[in-house]
2 protein chains.
Amino acid sequence: MGENGEIIWRVSALTDEAAEHLVGPASKIDSFTLRNLNETFTVRRRQFDSFGVDHLLGILKSEAGPTFRVRFATPTAFKSKGRYVIMPDVRLVFQNLLMRYNQAYAGDCEIDPETLEYISEHVSITSYNLCSRYFPRTMGKADKIPAFAGTLTLRAFGPQSLQGLVAMLLAFGEASGVGVKTSMGMGGMQLLKGPSNRKGGTVGR
Amino acid sequence: MGENGEIIWRVSALTDEAAEHLVGPASKIDSFTLRNLNETFTVRRRQFDSFGVDHLLGILKSEAGPTFRVRFATPTAFKSKGRYVIMPDVRLVFQNLLMRYNQAYAGDCEIDPETLEYISEHVSITSYNLCSRYFPRTMGKADKIPAFAGTLTLRAFGPQSLQGLVAMLLAFGEASGVGVKTSMGMGGMQLLKGPSNRKGGTVGR
């Protein structure tokens, strides 16, 4: 759901091959019917964004600033010690993003524990406006995955290198999603620009 | 602020002596002026609640049920490892309530670590609707304490003895408040009755 009440259908792919098979066919759709709602929607606007790893490396070196506003647009959850975590946690967010980034560009999921430790010690959630959401595991079934949605503001208390890394991982997260079941539409995140709103805004600079 | 937009001024005391010095004089006030707003309010209704430890012990033995809805009516925060925690956490909430309960009725702040461990392992936040709030340390000054407000639902996965203990501690918390700076008005909590609302409601039974 977009800010003006329109429905936004976002299709993301992390590799050229996936884009060809997924974004290609999806971009040709003019209308679609949601089976459970039994309602047909017409596509009014298409937007196509694409970036390479060089774009992300540019962000890594940029003067990103210390403050980041993130919107969890679809239900988002993490798993920790076999349990679903329904409140965002800096360590879990960046552990997941680092893992996804390495999987996409280095070919393995392994992450450097010192990098994660540094991020979780120097990045804080300074404000938020969040609520729990339940995501249907199977359409129409009662079995639901506990999750959350809403906005939060992060602040990186550290040098440019930290701010750039956080900026890059969040920009990557816009394409990859974050947390569990992203292939089912969970964990859709968005970096918000501009001044923060009052609720969940940035305070205490 | 109450649910109908009226202003609720809540004065709590944990001992008869405190009640005599605090609730007694406060209950005689007919109108008051908020200096920073420069506005005068007239008292329209007074409500006086009082309970003894026997009331709490009755709740301990009651069939409370597994689900509890809690409202943090004023900005609430916890301190952990020298930092303010602006998201509620089962362990921090009940550690604080156990400490306050023991201080009020046993004369010391010491709590049984096994009880706390059992509660934090068997009680979960199943849903919530929360946002960050900043509480002015000194009226009119920029220096603010990071905190949160809103509602959440807790579920106690365990026998009656656990449910009764959780019910009793939360009932006590309505009088004592929870977290930091309760004497300044932070940490005002309320146990909500009746069915949960959609946002932050109880799902997944």
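In the predicted model, F72(A) stands opposite M189(A) in β8(A) and opposite G150(A) in β7(A). Strands here are DSSP E runs of at least two residues, numbered from the N terminus. Strand β3 of chain A, residues 67-76, pairs in the antiparallel sense with β8(A), residues 189-192, over four bridges. β3(A) also pairs in the antiparallel sense with β7(A), residues 144-156, over seven bridges; pairing requires at least two DSSP bridges between the strands. Seven of the 10 residues of β3(A) are buried, that is, under 20% relative accessible area with a 1.4 Å probe and protein chains only.

The largest nonpolar core comprises 74 residues, such a core being a set of buried Ala, Val, Leu, Ile, Met, Phe, Trp, Tyr and Cys residues joined through side-chain atoms within 4.5 Å. Among those with the most contacts inside this core are F94(A), L154(A) and L170(A). Residues up to four places away in sequence aside, F94(A) touches L116(A), I119(A), V123(A), L154(A), V166(A), L169(A) and L170(A), with contact taken as heavy atoms within 4.5 Å.

The same surface serves both copies, as 100% of the contact residues of chain B recur in chain A.

Residues are numbered from 1 along each chain as its sequence is written, and chains are lettered from A in the order in which they are written. Local features need pLDDT of at least 70 and side-chain atom pairs count only at pLDDT 80 or more, while totals for chains, interfaces and linings use all residues, and side-chain values use heavy atoms, leaving out hydrogens and water.

How values were computed. Buried < 20%, exposed > 50% of the residue type's maximum accessible area, 1.4 Å probe, protein only.
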